[in-house]
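User: I would like to learn how to read the features of a strand model. Please take me through one.

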Amino acid sequence: MDAPIDDPPRGGGPDGEFDTGVFAADIDPAHPVPADTPWGTVALYALEGEVRAFEAFCPHMLGPLFAGSIADGVVTCPWHAWRYSLDDGTRVDDERPAEGPEARPLKRFGVRTSPRGTVVVLERPGDAGP
Ligand code: FES
């Protein structure tokens, strides 16, 4: 039996969607969940009552941002403490260089919740912020 269009199978679905199999209700706000997608590993954050998805590894030296600390809508990389906004992915540690390839913002992905409550990551970018 084919899955309904609004409940894509894990492993990819129509229109650049991927069901992570992670239940939104299970994401601890203090511990983002990494999920492998066709577009790379994405970190799923529970923030202000919604799920947000950003690339999971730090643009600096690929530190695991999903293992970083979260406070006031900002994730701090566990390796060298660069800080990124979880609204739009921009760096907020202004004492560091603001130019160059390492200064780019984190890529944000769109998300929606499937009918069974799992997080579906969208290939297209997410909203710029709440
Ligand atoms: S790898 Fe994230 S700050 Fe260096």
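**Reading the strands**

Analyst: From the N terminus on, the elements run β-β-β-β-β-β-β-β-β. This is a predicted model, in which local features need pLDDT of at least 70, side-chain atom pairs count only at pLDDT 80 or more, and totals for chains, interfaces and linings use all residues. Residues are numbered from 1 along each chain as its sequence is written.

User: How many helices and strands does the chain have?

Analyst: Both are DSSP runs numbered from the N terminus, helices being H or I with at least four residues and strands E with at least two. Here there are zero helices and nine strands.

User: In what order do the three strands of the open sheet lie?

Analyst: Strands of a sheet pair through backbone hydrogen bonds, either parallel or antiparallel. Two strands count as paired if DSSP finds at least two bridges between them. In this open sheet the order is 5-6-7, with antiparallel pairing. Strand 5 (69-71) and strand 7 (83-85) each have a single partner strand, so one side of each is left without a neighbour in the sheet. Strand 6 (residues 74-76) pairs with strand 7 over three bridges, and V74 stands opposite S85.

User: Is V51 buried or exposed?

Analyst: A residue is buried if 20 or more other C-beta atoms, placed from the backbone, lie within 10 Å of its own, exposed if 12 or fewer, and partly exposed in between. V51, in strand 4 (residues 50-55), is buried because 22 other C-beta atoms lie within 10 Å. Of the 130 residues of the chain, 28% count as buried.
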